[in-house]
Amino acid sequence: MPALRHIKPAILPLAALLAALTISACSMGGMAGGSSAAALAPGLSARMDQPGASLDRAQAIAMINAYRATQGRPALTPDAGLDGTAQALADQYARTGTPPQTPQDLAGMKLSAGYATFAETFSGWRNNPADAAGLTSSATRAGIAVNYNGSSTYGTHWVLVLAQ
């Protein structure tokens, strides 16, 4: 039992450290899962629910690509032409309040409304099985846009377009 007497004091600090780490991980709000704004690049947690807000498209596509990598899918290439298509669709969506139809020349489109930040929008897509499947489609290029319309029901309207 003399050996146990030496081990006991070493176990207590280790158990305290383990408990502290567990509690801090819980208080981070699941940061490892990407849901904490504090762990995100500023452009991903920037509020788009105000006039003149500007989406950091590169950071948004990078976040989608990080998710695709966890699913074994290749990265999407940002496409300025598709950004323009997405912006036109987001503008239409915000103006009419009606979700636009996917143009025939696109491989897919993801829509969202009401979320103030891209991080929130992405979480909504990622947590919806149909949207998550679209995020990991065989598309190779992407464009993204947001439009804020303070007089609309949802305010912010997001569009992600995907193409081959």
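In this predicted model, the buried residues of helix α5 are Phe 118, Ala 119, Thr 121, Phe 122, Ser 123, Trp 125 and Arg 126. The helix spans residues 118–126 and is mostly covered, with seven of its nine residues buried. The cover over these buried positions is drawn from several parts of the chain: it includes helices α2 (42–45), α3 (57–70) and α6 (129–135), together with strands β2 (108–113), β3 and β4 (156–163).

One of these covering elements, strand β3, takes in residues 141–148 and holds Asn 147. With a relative accessible area of 17%, Asn 147 counts as buried, because the cut-off for that class is under 20%. Its neighbours, leaving aside residues up to four places away in sequence, are Gln 87, Ala 90, Asp 91, Ala 94, Gly 155, Thr 156 and His 157.

Stepping back to the whole chain, the secondary structure comes to six helices and four strands. Read from the N terminus, the elements follow the order α-α-α-β-α-β-α-α-β-β. Of the contacts between residues at least 6 apart in sequence, 63% join residues at least 24 apart. Buried residues make up 37% of the 164 in the chain. The accessible surface comes to about 9000 Å², and carbon and sulfur atoms account for 60% of that area.

Key:
Residues are numbered from 1 along each chain as its sequence is written. This is a predicted model: local features need pLDDT of at least 70, side-chain atom pairs count only at pLDDT 80 or more; totals for chains, interfaces and linings use all residues. Side-chain values use heavy atoms; hydrogens and water are left out. Helices (H or I, at least four residues) and strands (E, at least two) are DSSP runs, numbered from the N terminus. Buried means under 20% relative accessible area, exposed over 50%, partly exposed in between (1.4 Å probe, protein chains only). Contact means heavy atoms within 4.5 Å. Accessible areas come from the Shrake-Rupley method with a 1.4 Å probe; for residues, only the protein chains shown count as cover.
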